[in-house]
Amino acid sequence: MSKTTNQKAWILVIPVIVLVAFNALIPLMTVVNYSVQETFGSNVFFWEGIKWFEEVLNSSRFHESFLRQIFFTGTILAIEIPLGIAVALSMPKKGPWVSVCLVLMALPLLIPWNVVGAMWNIFALPDIGLLGRMINGIGIDYNFTQQPVAAWMTTIAMDVWHWTSLVVLLAYAGLCSIPDAYYQAAKIDGASAWAVFWHIQLPKMKRVLTIAILLRFMDSFMIYTEPFVLTGGGPGNTTTFLSIDLVKIALGQFDLGPAAAMSLIYFFIVLLVCWIFYTLMMRDEAE
Amino acid sequence: MNFKKWLLPTVYILFLMLPIYWLLNMSFKTTNEILGGFSLYPENFTLENYIVIFTDPTWYNGYINSLIYVAMNTVISVSVALPAAYAFSRYRFLGDKHLFFWLLTNRMAPPAVFALPFFQLYSAVELFDTHLAVALAHCLFNIPLAVWILEGFMSGVPKELDETAFLDGYSFPRFFIRIFIPTIAAGIGVAMFFAFMYSWVELLLAKTLTSVAAKPIAATMTRTASTAGYQLGLLAAAGSLTIIPGAFVIYFVRNYIAKGFAMGRV
Amino acid sequence: MAKITLQNLKHSYLSDPVGTDDYALKQIDAIWEDGSAYALLGPSGCGKTTLLNIISGLLTPSEGQVLFDDQDVTHTPTTERQIAQIFQFPVVYDTMSVFDNLAFPLRNRGVAEDIVKARVKEVANMLDLENSLKQRAAGLTADGKQKISLGRGLVREDVNVIMFDEPLTVIDPHLKWQLRSKLKELHQKIARTMIYVTHDQTEALTFADHVVVMYDGKVVQVGTPVDLFERPAHTFVGHFIGSPGMNILPCELSEGASYFAGNRLLINCSKLPENGSKNLELGVRPEFVEFDEDGFPVEIVKVDDLGRHQIVVARHENNIIKMIVGEGEPIPSENPRISFSPEHTRLYKNSWVVD
């Protein structure tokens with residue numbers, strides 16, 4: 001659609017800017033402030049320059065939690081996106097079951113995040129949890145509070161449980177917007193089911209899938225509450241993702257300087273990835 | 001073939017329901033039964049845990065607090081996002097693209113980064129431990145999302161609608177409220193759904209910004225683990241109750257969501 | 001290539017239809033001769049698309065058979081029927097180039113690549129697409145996309161029938177005319193059976209050798225454009241085709257003669273029904289109504305001058321009669337009287353013509 005140039009449109013945007021800026025800019029400035037200073041409490045600050053940034057970037061602790069984060073995000077994207085597409089493809093297109101499916105599938109999305117963590121904790125506990133019992137029952141020694149691998153698997157299973165439905169909903173919406181004529185034409189052209197997926201369904205879902213990947217990337221990169229409640233970042237540091245580490249440093253040890261520097265580095269990484277996505281998406285749309 | 005088609009969604013939904021079932025199962029057990037052994041269903045069925053929650057103000061106030069700030073946030077987010085989304089979808093203006101991206105970046109800001117500065121900011125403006133504080137803080141990520149969703153819906157409405165209305169002598173506010181808002185009702189439904197969802201499920205900021213008066217249910221729950229010992233049954237009951245508002249909301253907007261998803265951006 | 005026979009077809013979208021109203025197709029028997037160009041004409045919602053989808057196998061009829069050359073294909077899947085169908089809205093595969101789009105139906109059937117190339121080139125030539133073969137199909141205009149859809153229908157040599165479902169709906173008016181004559185030209189060149197669905201009578205009459213008129217889930221007449229004009233088999237055909245449509249007037253019979261509002265009229269009907277039959281109507285096209293001093297009196301309601309001719313709206317008692325009068329011919333101002341050409345005045349019983 002062609003848009004007209006109208007500088008007065010700013011008036012319509014002002015309320016949003018004021019509210020968001022209040023929440024974003026002031027705290028961001030506080031963080032920037034901390035990130036370049038040293039404090040020993042009682043509001044005495046010393047200028048430290050980029051010392052904290054160097055320290056964080058060189059610390060093996062940051063490297064480790066960053067790698068864990070990348071690995072976690074990569075894994076859940078690799079599971080949730082294909083699984084979400086597959087479920088959406090096999091969902092009924094119309095009829096009473098559509099509502100039933102949508103309501104049941106959306107349920108995990110609306111459960112408070114700490115409840116999700118607590119729920120999975122109870123579900124996976126080796127002594128009283130259904131999942132823990134079942135896995136131990138088939139002869140596998142499983143205890144996510146003590147085994148790093150089990151902790152990882154449980155965290156990933158929880159995230160898949162929690163968020164795959166978002167991908168399903170988005171992909172399903174994309175599928176619903178494909179007119180019947182495309183499927184009919186494909187039949188007449190003699191296309192195989194794979195060709196229908198590859199040449200019709202996937203291209204038509206591209207837009208919603210980009211959004212799904214973007215949302216899942218952002219949210220999984222910020223993940224805090226669920227794994228914190230489930231595993232507390234442990235055993236050891238094995239499931240300490242960026243946000244958990246950050247809160248540990250800032251509130252646990254009250255090292256505000258390094259925490260702030262880490263916050264900024266962390267924020268910039270998310271920003272950078274999203275900016276790349278956003279630009280690619282906009283370029284694609286312009287085409 | 002038909003069987004194969006049904007298999008995946010059925011298995012998937014079963015997978016989704018199992019942990020929820022387990023939570024419900026636990027909520028109807030006594031603490032002794034939970035710790036005493038493993039059973040697939042409550043053998044000594046009890047409503048004790050629910051009775052505690054409904055009679056103890058520190059518990060049920062948590063729900064009321066949560067619902068208050070979630071409702072406030074949903075209303076604030078969507079009502080300020082509406083005009084902004086209209087501006088983005090209809091007009092080109094200085095810095096519009098950058099502004100749009102800047103808004104989206106706030107959706108990307110990890111709440112953990114902002115937890116402490118938020119505490120200081122809202123203490124400084126003397127809003128700490130009020131519903132408004134949480135409602136405003138959640139605007140950080142809900143407004144950008146609402147603008148994004150609504151902009152998508154509005155771009156799908158032909159511009160001729162606006163032009164015809166203005167030719168017919170409608171003033172801008174009258175046109176916006178009488179004609180435009182009803183046209184994109186499905187979009188508003190979807191935006192409200194997402195605002196509700198993210199505000200309802202968020203814990204970190206809500207917990208940071210409250211202590212007593214506006215304490216959300218999610219934060220009340222973390223208390224059971226520490227002060228009152230490990231009361232799993234109570235925790236499970238409280239958790240089960242947090243599912244209900246979400247289930248209600250999904251049930252009422254389910255048609256909007258399917259329709260809204262199909263026509264809009266999200 | 002094949003002759004297509006539809007026997008006793010009925011179709012309902014409901015799982016257990018009760019009355020005839022539940023059926024989208026009520027009773028269809030039709031034969032489509034090999035190599036002819038047919039138009040399937042009817043108002044929106046009369047079952048045209050349903051019929052088309054049954055022929056192509058996208059739908060299985062509730063009752064009846066579809067035969068291709070006397071072979072029952074009612075339950076044969078679409079891919080095995082060797083048909084091509086072009087839809088109302090263009091369908092292109094966005095990710096592919098124009099060339100790949102056109103080659104898609106052939107490649108899916110395992111045709112050798114050199115034959116694919118030759119066929120695509122030929123079809124691209126027919127449709128003036130040679131220059132855009134390398135372009136991405138997604139970037140084309142609506143008519144370019146619809147040409148691709150057409151091209152995918154034409155590219156296979158072995159098809160039994162090519163069906164068009166209102167293919168020009170989204171095309172600009174001046175391109176519409178161009179594409180339509182292109183289709184006509186193509187039909188003459190490749191002599192394939194074509195079925196063209198439309199609700200536009202001009203489109204139907206200019207494209208087809210035979211027009212099949214559908215109304216309310218039934219085929220009411222199959223004939224050449226001239227048949228439809230001169231001898232509408234059903235009052236709907238008389239009314240739907242022609243501009244303005246046929247005058248349909250009440251009629252009574254007595255003593256072997258037909259009367260319209262008390263005026264005895266001569267009509268083209270060799271075997272009158274019995275006296276006192278109910279539900280009788282007379283039909284006469286406005287072209288065959290003229291001013292005649294020996295006719296019956298009318299009152300003139302209004303005259304529209306359309307340039308080439310004038311449309312006179314007249315009234316006799318409570319009946320409106322439209323007539324077409326040549327440009328410049330005088331319209332009597334006092335006591336106008338009109339008569340119908342007996343040769344072209346038909347009798348209809350329960351809406352169907354009586355010969």
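Modeller: Let's start with a term: a residue is buried if 20 or more other C-beta atoms lie within 10 Å of its own. Keep in mind that this is a predicted model.

Biologist: Thanks! Then what share of the residues of chain B count as buried?

Modeller: Of its 266 residues, 47% fall in that class. The C-alpha atoms of chain B fill a box of roughly 75 × 65 × 30 Å along the principal axes.

Biologist: Which secondary structure does chain B have?

Modeller: Chain B has 13 helices and one strand.

Biologist: Now the interfaces. How many residues of chain A are in contact with chain B?

Modeller: The size of an interface is often given as the accessible area lost when the parts come together. Here we can count residues: 70 of chain A are in contact with 78 of chain B. Helix α1 (residues 9–35) of chain A gives the most to its side, with 14 residues. By class, that side of chain A has 55 nonpolar, 13 polar and two charged residues.

Biologist: In which sense do strand β1 of chain A and strand β1 of chain B pair?

Modeller: Residues 4–5 of chain A and 91–92 of chain B pair in the parallel sense, over two bridges. A:Thr5 has B:Arg92 as its bridge partner.

Biologist: And how many residues of chain C are in contact with chain A?

Modeller: There, 19 residues of chain C are in contact with 14 of chain A. The side of chain C has ten nonpolar, six polar and three charged residues.

Notes
Residues are numbered from 1 along each chain as its sequence is written. Chains are lettered from A and ligands numbered from 1 in the order in which they are written. This is a predicted model: local features need pLDDT of at least 70, side-chain atom pairs count only at pLDDT 80 or more; totals for chains, interfaces and linings use all residues. Two residues are in contact if their C-beta atoms, placed from the backbone, lie within 7 Å. Helices (H or I, at least four residues) and strands (E, at least two) are DSSP runs, numbered from the N terminus. Ala, Val, Leu, Ile, Met, Phe, Trp, Tyr, Cys and Pro count as nonpolar, Asp, Glu, Lys and Arg as charged, and the others, Gly among them, as polar. Two strands pair if DSSP finds at least two bridges between them. A residue is buried if 20 or more other C-beta atoms lie within 10 Å of its own, exposed if 12 or fewer, and partly exposed in between; C-beta atoms are placed from the backbone.
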